[in-house]
Amino acid sequence: MKQRIKEQSILLFEKKGFTETSIQDIVDALGVTKGTFYYYFSSKEQLLMDIHLHYIDDLLQHQLEILVDNKKSCKEKLKDVVLLLITDIKEQGPSARVFLRELRNLTNEHLQKILTKRDKFRLNIEQLLADGVAKEEFRKDLEIDIITFGILGVTNWTYQWFDPAGTKSDHDVAEIYIDMILRGIQKE
């Protein structure tokens, strides 16, 4: 039931927004009572935090799996991270949209926990780029922090327009992005 509450809430938060979705909306959509909701979650905000934690923890785990692969170059790892972000939007579209749009509705304490994890994801990309510079796969004059924000900005904004049923697949979009990124940062 906890998972069903989360799944239904994600759909409602995506459609109506967090602030416009009431606990009553959630329980009505599931055909359960508020008591059922409160058995699993102390508040709507705690539910949102749970959704955010699951989303970012899953991304971090997959990113780590990519980064520890010693058989791949930094370029290949960067490509895999970009593909991870686009594929995640494809496979978890509503969750991605809730994560990227509703962060502002977390309490300060919860927000800091999520921001710490989000920063970890960003810093992992920065380290990957720094490793690529050290291995002479990327240019030495890169502004690594700004390039990282650029990569995240391009990939994260994809949730606004990417249609998995459209003419371009998640792999196509990732290839286009990585081509654009690497032509700008790879060593000549």
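Biologist: Start with Ser-73. Is Ser-73 buried, exposed or partly exposed?

Modeller: Keep in mind that this is a predicted model. Ser-73 has a relative accessible area of 24%. Buried needs a value under 20%, and exposed needs one over 50%. Ser-73 is therefore partly exposed.

Biologist: How far apart in space are Ser-73 and Glu-137?

Modeller: Along the sequence, Ser-73 and Glu-137 are 64 residues apart. In space, the separation is taken from C-alpha to C-alpha. For Ser-73 and Glu-137 that distance is 8.3 Å.

Biologist: Is the crossing of H4 and H7 left-handed or right-handed?

Modeller: Handedness is a separate point from the angle. H4 passes H7 in a crossing that is left-handed.

Biologist: Which residues of H7 does H4 meet?

Modeller: From the H4 side come residues including Met-49, Leu-53, Ile-56, Leu-60 and Gln-63. By class, the H4 contact with H7 has ten nonpolar, four polar and six charged residues. The H7 residues met by H4 are His-110, Lys-113, Ile-114, Lys-117, Arg-118, Lys-120, Phe-121, Asn-124, Ile-125 and Leu-128.

Biologist: Take Gln-63 by itself. Is Gln-63 buried or exposed?

Modeller: Gln-63 lies in helix H4. Beyond residues up to four places away in sequence, Gln-63 touches Val-81, Leu-84, Lys-120, Phe-121, Asn-124 and Ile-125. The relative accessibility of Gln-63 is 0%, so Gln-63 counts as buried.

Biologist: How do H5 and H7 run, roughly parallel or roughly antiparallel?

Modeller: Helix H5 spans residues 74-91. The axes of H5 and H7 come within 9 Å and cross at roughly 155°. Angles over 145 degrees count as roughly antiparallel. H5 and H7 are therefore roughly antiparallel.

Biologist: How many nonpolar residues are in the contact of H5 with H7?

Modeller: H5 and H7 make a left-handed crossing. Val-81 and Leu-84 are among the H5 residues in the contact, and Phe-121 and Ile-125 are among those of H7. The contact of H5 with H7 has one polar and two charged residues, and its nonpolar residues number nine.

Biologist: What about H7 and H8? Are they oblique or roughly parallel?

Modeller: Helix H8 takes in residues 144-157. H7 and H8 have axes 9 Å apart and pack at about 125°. H7 and H8 are therefore oblique.

Biologist: Is the crossing of H7 and H8 left-handed or right-handed?

Modeller: The H7 side of the contact includes Phe-121, Ile-125 and Leu-129, and the H8 side includes Ile-147, Phe-149 and Ile-151. By class, the contact of H7 with H8 divides into ten nonpolar, one polar and three charged residues. H7 passes H8 in a crossing that is right-handed.

Biologist: Is Leu-142 buried or exposed?

Modeller: Leu-142 lies in the loop between H7 and H8. Its C-alpha atom is 16 Å from that of Leu-152, ten residues away along the chain. With a relative accessible area of 11%, Leu-142 is buried.

Biologist: On to the aromatic rings. How are Tyr-39 and Tyr-40 paired, edge-to-face or stacked?

Modeller: The whole structure holds seven aromatic pairs. The ring centres of Tyr-39 and Tyr-40 are 4.8 Å apart, with planes at 85°, so the pair is edge-to-face.

Biologist: Which residues form one aromatic cluster with Phe-37?

Modeller: This cluster has three names, Phe-37 included.

Key: Residues are numbered from 1 along each chain as its sequence is written. This is a predicted model: local features need pLDDT of at least 70, side-chain atom pairs count only at pLDDT 80 or more; totals for chains, interfaces and linings use all residues. Side-chain values use heavy atoms; hydrogens and water are left out. A crossing is left-handed if the near helix is turned anticlockwise from the far one by less than a right angle, and right-handed if clockwise. Helices (H or I, at least four residues) and strands (E, at least two) are DSSP runs, numbered from the N terminus. Contact means heavy atoms within 4.5 Å. Ala, Val, Leu, Ile, Met, Phe, Trp, Tyr, Cys and Pro count as nonpolar, Asp, Glu, Lys and Arg as charged, and the others, Gly among them, as polar. Axes are lines fitted to C-alpha atoms, for helices over the stretch in contact, and angles run from 0 to 180 degrees between N-to-C directions. Angles under 35 degrees count as roughly parallel, over 145 as roughly antiparallel, 65 to 115 as roughly perpendicular and the rest as oblique. Buried means under 20% relative accessible area, exposed over 50%, partly exposed in between (1.4 Å probe, protein chains only). Rings of Phe, Tyr and Trp (its six-membered ring) pair if their centres lie within 6.5 Å; planes under 30 degrees apart count as stacked, over 60 as edge-to-face and the rest as tilted.
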